[in-house]
Protein chains: 2
Amino acid sequence: MQLELSVDRSSPVPLYFQLSQQLEAAIEHGTLTPGSLLGNEIELAARLGLSRPTVRQAIQSLVDKGLLVRRRGVGTQVVHSQVKRPLELSSLYDDLEAAGQRPATEVLVNTVVPASAEVAAALGVAEDSEVHRVERLRLAHGEPMAHLCNFLPPGLIDLDTGQLQATGLYRLMRAGGITLHSARQSIGARAATPEEAERLSEAPGAPLLTMQRVTFDDTGRAVEYGTHTYRPTRYSFEFQLLVRT
Amino acid sequence: MQLELSVDRSSPVPLYFQLSQQLEAAIEHGTLTPGSLLGNEIELAARLGLSRPTVRQAIQSLVDKGLLVRRRGVGTQVVHSQVKRPLELSSLYDDLEAAGQRPATEVLVNTVVPASAEVAAALGVAEDSEVHRVERLRLAHGEPMAHLCNFLPPGLIDLDTGQLQATGLYRLMRAGGITLHSARQSIGARAATPEEAERLSEAPGAPLLTMQRVTFDDTGRAVEYGTHTYRPTRYSFEFQLLVRT
DNA sequence: TCAATCCGTATGTCCGGACAATCTGACTAC
DNA sequence: GTAGTCAGATTGTCCGGACATACGGATTGA
């Protein structure tokens, strides 16, 4: 069976991208079965009327995503796996929404405060300079799921409480023209203090999952620092890692 | 100031790789300061006697690593950041060793057992078929730090208890010719059961950090399934994420 | 029968060029 | 003075080709 592939040269979408998307869809859809060979690049290029570098670029992007494996002298084949999606810099809100959990947000605090030493260090601003402080309770199905405390440098975006309740922080930042690039995360656990327990409807001393994160944009600026606590009975971090080669 | 770059055409090391390594070293070393422009690709190629695609390939690999940012019409610049290294598929043993913690391992169990439904599903083998089971206690500075329970499909590598005590499982697998490729992880927290507490010198009910992981090799085969528990006072997961674009 | 060698095949690396898209900054027109 | 326009610079995309390198199987030799 031959895979149906075609490219539209009149489209502004790059040819290699058109191809990689079609291949990815075919893999996702099961048309390209795990372990099957993709056919050699030269012939594939000829069939599509493309050059080999263009085809290689398309294939390479899928190799980077972990969907394909190249073997010199053998060919390119579809990875076997239950592999889904590699770890992205995800937002809790999007994660919940994707899981069909109907997330809701209760904004507890939305104000401007002087930066503590810890916050100043994380965001790379002067101590006691003004930063935004946002504290939110994230609910799913009406049940509290996480307590989110975030700090943002001033002048980045305007934090409207209404918008914060309707969507996630990352989405607001992206909409504000910020290109998220990387983040430094730390995930741990500890026992809930009485206040934390109260907020999350847990018993004092119950285990909590904690996450701290500093997010950087594409210029390397810190754009957000957050301290989150999650109810481990309701949430865990799930992700797919790829080996850097 | 001009950056000193050169390539050795007689070396078997690919030219683009030589270049990317030199650039990475310059960034690491601070010779290329954050925010500085890299100079345009054409001129850089001419200076090195390389073609533009080769230079682009070198630059692209650093962009993928998050060290550089390209801007059309502007140029390529070094990212500002406190960015260190993106998340790798790391082994606890290597992590501890890199942190100077002198890890030690106590092998509690090293045997072959029939696969439970959970293990069979994770490894993609038949239920009740034989799998290796390894249970270890990981110590740092003589203090218990984590309890590691792993399952491996049969015939992959031979698990020598002595070797398991001297090094980490991932290192053994790599040494056994297995190319680790990706892993699916889940990180959560829960209260310690009396047995877990005993093993890790914690109080019953104390919070524990838990991690489950299925690791795949480059053909998509599952090569390891593990259930780990960590003492959150001694260990947390730290990593750097890059946004997939 | 088994091992070493050869060869076809496919990817890996590299070249030189062409044109398009986009950003910045300066110039111009209102 | 402000906004729109234009030009230069730089990366993005794409082409067609060349040779190197590694894998696997078939052939050959012991």
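First, a term: a polar contact is a pair of N or O atoms within 3.5 Å; within protein, one must be able to donate a hydrogen and the other to accept it, and residues adjacent in sequence count only if both atoms are side-chain atoms. Two housekeeping sentences. This is a predicted model, where local features need pLDDT of at least 70 and side-chain atom pairs count only at pLDDT 80 or more, while totals for chains, interfaces and linings use all residues. Residues are numbered from 1 along each chain as its sequence is written, chains are lettered from A and ligands numbered from 1 in the order in which they are written, and side-chain values use heavy atoms, with hydrogens and water left out.

Start with DNA strand C. In chain A, an N or O atom in the side chain of R56(A) sits 2.9 Å from a phosphate oxygen of DNA strand C. Chain B contacts phosphate too.

Helices here are DSSP runs of H or I, at least four residues, and strands are runs of E, at least two, numbered from the N terminus. The largest share, 3 residues, comes from α3(B).

Now the count. DNA strand C has 25 residues around it, and E41(A), R9(B), L15(B), S51(B) and T54(B) are the closest. Near means that a heavy atom of the residue lies within 4 Å of the molecule or strand. Of the DNA strand C atoms within 4 Å of the protein, sugar or phosphate makes up 74%, and bases the rest.

Next, DNA strand D. It also has 25 residues around it, with R9(A), L15(A), T54(A), R56(B) and R70(B) coming nearest. Sugar and phosphate supply 74% of the DNA strand D atoms that come within 4 Å of the protein. A backbone N or O atom of L15(A) is 2.3 Å from a phosphate oxygen of DNA strand D. There is a base contact: an N or O atom in the R52(A) side chain lies 3.4 Å from a base nitrogen of DNA strand D. On this surface α3(A) gives the most, 3 residues.

Look at the helices of chain B. What angle do α1(B) and α3(B) make? About 50°, with the axes 8 Å apart. Axes are lines fitted to C-alpha atoms, for helices over the stretch in contact, and angles run from 0 to 180 degrees between N-to-C directions.

Last, the sheet. It is open and antiparallel, with 7 strands in the order β3(A)-β4(A)-β5(A)-β8(A)-β7(A)-β6(A)-β9(B). Strands pair if DSSP finds at least two bridges between them. β3 (103–114) of chain A and β9 (237–242) of chain B are the edges; each has a single partner strand, so one side of each is left without a neighbour in the sheet. From one strand to the next, the twist averages 15°.

Where do the chains meet in it? Strand β6 (residues 180–191) of chain A and β9(B) run antiparallel, joined by 6 bridges. I187(A) has F237(B) as its bridge partner in β9(B).
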